[in-house]
Amino acid sequence: MPVTDPTATGAAWSVRDGLASFDEPAVLLRNALDTVFTRWATEAGARQQSYPPLLRTEDLRSLDYFRNFPHLGSPVTRIRPDRLAGLAGDPSGAGALPAAELADATHMLPSAACYGCFLHLSGTSADTPVLITTVAQCFRNEDHHDGLRRLWGFTMREIVCVGSAEAVRTHLDRHRERILAFGTALGLTLDRQPATDPFFEKDGTRSVMQLLVPVKEEYLHTDGTAVASTNNHRNFFGERRAIGHAGRPAFTGCVAFGLERWVHVLGDLFEGDPAAAHRAVLRAGERA
């Protein structure tokens, strides 16, 4: 199994404080996985895009982020100009920066790759479905860390569909099948289970619908690690960010892959041998 001692040498990866370092074999494995998922996106007609690494807090407020996910947030700020001289003259230089030294935070690190996509599409409209794929370094201030299973900072690949309700359902159904088929080809047993963390407010009508028709499903390894998810946001982002489809608020859905989590489960399956896992991904990726 991989080690978590940050001073270890010769290990494929190490983790400290929820932050992972990868040696070349693990980097190659993660890249191979991303190549497979990006190919799926391309075959579905998705366009590759990238977005800013920071999100404005005012934009996140429009998405109820601070109602639903404030515990995950990682604010980004700067040292107050009037405090710079004092910090430079502090000989100790140890420990955390006190909050009193910092300016108000106007930006956040993303906790999901698709936020940048929906903010970028704000105020746009299309008559045909729009498919986009993006990858981002994401950050979730979890209450605890657990190796590669639960990181503070991690890599997320997403494939996003914007269009009609039917187009979104078709998009998610297609990738449900591909995720399960890919897992089987690798020798993984993945269990599809409904999740309970929708993007919208938990006491709203959409949350009531979540009880009837799950809007998010996760794909769990035997140890409980969720390596992928399919998410149907309905018309939440279409309404909140004025994203239109055929004259009405667009429906949106995304397929998400946590790349470090895939590395974890494959490390488990191949007994800590990332090179063997890499070869298996190359073989399975050709068939999936």
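A polar contact of 2.8 Å links the side chain of T252 to the side chain of H233. The model examined here is predicted. T252 belongs to strand β15, which covers residues 251-258. T252 has a relative accessible area of 0%. The cut-off for a buried residue is under 20%, so T252 counts as buried.

Several residues from elsewhere in the sequence surround T252. With neighbours within four places in sequence set aside, its contacts are F118, C161, V162, V168, N231, N232, H233, R234 and F237. R234 illustrates the point. T252 and R234 are separated by 18 residues in sequence, yet their C-alpha atoms are 5.8 Å apart in space.

N232, one of the contacts of T252, was considered next. N232 sits in strand β12, residues 226-234. Its relative accessible area is 19%. That value falls under the 20% cut-off, so N232 is also classed as buried. The side chain of N232 reaches the backbone nitrogen of R234, at 2.9 Å. Beyond neighbours within four places in sequence, N232 is in contact with V168, R169, L172, V215, T252 and G253.

Strand β1 (residues 13-16) and strand β2 (residues 19-22) run antiparallel and are joined by four bridges. One of the bridge partners can be named: W13 pairs with F22 in β2. Two residues lie between the strands of this hairpin. There, D17 adopts a positive phi near 55°.

Note on methods:
Residues are numbered from 1 along each chain as its sequence is written. This is a predicted model: local features need pLDDT of at least 70, side-chain atom pairs count only at pLDDT 80 or more; totals for chains, interfaces and linings use all residues. Side-chain values use heavy atoms; hydrogens and water are left out. Buried means under 20% relative accessible area, exposed over 50%, partly exposed in between (1.4 Å probe, protein chains only). Contact means heavy atoms within 4.5 Å. A polar contact is a pair of N or O atoms within 3.5 Å; within protein, one must be able to donate a hydrogen and the other to accept it, and residues adjacent in sequence count only if both atoms are side-chain atoms. Two strands pair if DSSP finds at least two bridges between them.
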